[in-house]
Amino acid sequence: MDIAVCIELDREERQRLIRGVGDCPVTFSQAAEPCSAAIVFGNPAPDVVAANSSLRWLQLESVGFGEYAGLRWSRSGHSVQVTNLAGFFADPVAETALAGILSLGRGIDRLVALRERRDWVGDPVRGSLRLLCGSHVVLFGRGTINSRLAELLKPFHCRITTFGRDWTSDALDRALSTADVIVATVPHTPETIGLFDADRLSRLKPGAVFCNLGRGSLVDEGALANALAHEHLGGAVIDVTRDEPLPGGHVFWTAPNLILTQHSGGGSGDEIDRKIDHFLENLARFRRGTPLVGLVDFRRGY
């Protein structure tokens, strides 16, 4: 079967993928270019996917797949398998969350700004610093990212409350009222859109740190910036936003005590190599006819 690759790879990465594929012909293209390959690796434009009558398997290079949700997945009597990178980014995103939480608690972001201004404040900074050790942490989402973060938090002896698909508004609000840190990693679903609006943000414990590393649609961004500006919240770590790139006039550029990681939370120096390895491992499964890793359930939404 022929394979089309529509992710950016350098010469060495292309050669490594070609060697790993073996005897299958491989073409490299842009996401918007027409494609008739049976196997596609990358995130092609949805209209390109819809027009490909030969497609048998689409391996996305992302966890998210919302742009493909409305497509039909039957091709001439066979169903197309779609796989994503579920679980792939657990380590880097969990470490990003931990780094942001520690940075806010220990005042690293403020100390960097003071250094840039050559402004020595000294002892008065100490009274504004917080400990993560012994904190109550609410993990909203029971996927691989928060599971990994829970492991990273063990040395800090935090009291952890985790919510999965069985969450209820009443239980969540009770937990939020005593949480020192909230980390949300949930996908974009009808139930999560706008869930953290102005009302729910007002229920958070004063001084709490709010982290969103799932989908930008979860949060009312104006309400979050307002809660930070009025010091109801102690800080926020935001990896994902509703619009990306973030518009120049967006409130997050100037909101106080907000660490904006620009959807880089899942990144690492070996990210592309690991994606190639993942694809080749799934390709071996596809050839054997064994279940693929990361099969997408469009009915569930993740």
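The model is predicted.

Start with the charged pairs. Side chains of opposite charge can pair when their charged atoms come close. The structure holds 15 salt bridges. One of them joins R200 to D173. Their closest N and O atoms are 2.8 Å apart. R200 sits in helix α7, residues 198–202, and D173 sits in helix α6, residues 169–176, so the bridge ties together parts that are 27 residues apart in sequence. Both partners are buried. The pair is also part of a network of salt bridges. That network links D173, D199, R200 and R203.

Now move to helix α9, which spans residues 271–288. E271 and K275 both lie in this helix. They are four residues apart, about one turn of the helix. The two form a salt bridge, with the closest N and O atoms 3.2 Å apart.

R274 is partly exposed, with a relative accessible area of 25%. D270 is partly exposed too, at 37%.

Helix α9 also packs against another helix. Its partner is α1, residues 11–21. The two axes come within 10 Å. They cross at roughly 15 degrees. Angles under 35 degrees count as roughly parallel, and α1 and α9 are therefore roughly parallel to each other. The crossing of α1 past α9 is right-handed. On the α1 side, the contact is made by E13, R16, L17, G20 and V21. On the α9 side, the residues are I272, D273, I276, D277, F279, L280, L283 and R287. Sorted by type, the residues of this contact divide into seven nonpolar, one polar and five charged.

Helix α3 covers residues 90–105, and helix α5 covers residues 144–153. Which way do they run relative to each other, and how do they cross? Their axes come within 8 Å and cross at roughly 55 degrees. That angle makes α3 oblique to α5. The crossing is right-handed. From α3, the contact uses A90, D91, V93, A94, E95, A97 and L98. From α5, T144, I145, R148, L149, L152 and L153 take part. The residues of this contact divide into nine nonpolar, one polar and three charged.

Next comes F210. Where is F210 found? The residue belongs to strand β11, residues 209–212. At 0% relative accessibility, F210 counts as buried. What does F210 touch, leaving out residues up to four places away in sequence? Its contacts are I182, F196, L204, L218, V219, L224, L233, G235, A236, V237 and I238. G64 gives a point of reference elsewhere in the chain. F210 and G64 are 146 residues apart along the chain, and their C-alpha atoms are separated by 22 Å.

Some of the contacts of F210, including G235, A236, V237 and I238, bring us to strand β12, which spans 235–238. The loop between β12 and β13, the latter at 258–260, holds P245. The peptide bond from E244 to P245 is cis, with omega near 0 degrees. N257 is placed in the loop between β12 and β13 as well. Its phi is near 55 degrees, a positive value in a residue other than glycine. N257 is partly exposed, with a relative accessible area of 28%.

Where does R118 lie? The residue is in the loop between α4, at 108–117, and β8, at 136–140. R118 has a positive phi of about 55 degrees although it is not a glycine. Is R118 buried or exposed? At 80% relative accessibility, R118 counts as exposed.

Definitions and conventions:
Residues are numbered from 1 along each chain as its sequence is written. This is a predicted model: local features need pLDDT of at least 70, side-chain atom pairs count only at pLDDT 80 or more; totals for chains, interfaces and linings use all residues. Side-chain values use heavy atoms; hydrogens and water are left out. A salt bridge is a side-chain nitrogen of Lys or Arg within 4 Å of a carboxyl oxygen of Asp or Glu. Helices (H or I, at least four residues) and strands (E, at least two) are DSSP runs, numbered from the N terminus. Buried means under 20% relative accessible area, exposed over 50%, partly exposed in between (1.4 Å probe, protein chains only). Axes are lines fitted to C-alpha atoms, for helices over the stretch in contact, and angles run from 0 to 180 degrees between N-to-C directions. Angles under 35 degrees count as roughly parallel, over 145 as roughly antiparallel, 65 to 115 as roughly perpendicular and the rest as oblique. A crossing is left-handed if the near helix is turned anticlockwise from the far one by less than a right angle, and right-handed if clockwise. Contact means heavy atoms within 4.5 Å. Ala, Val, Leu, Ile, Met, Phe, Trp, Tyr, Cys and Pro count as nonpolar, Asp, Glu, Lys and Arg as charged, and the others, Gly among them, as polar.
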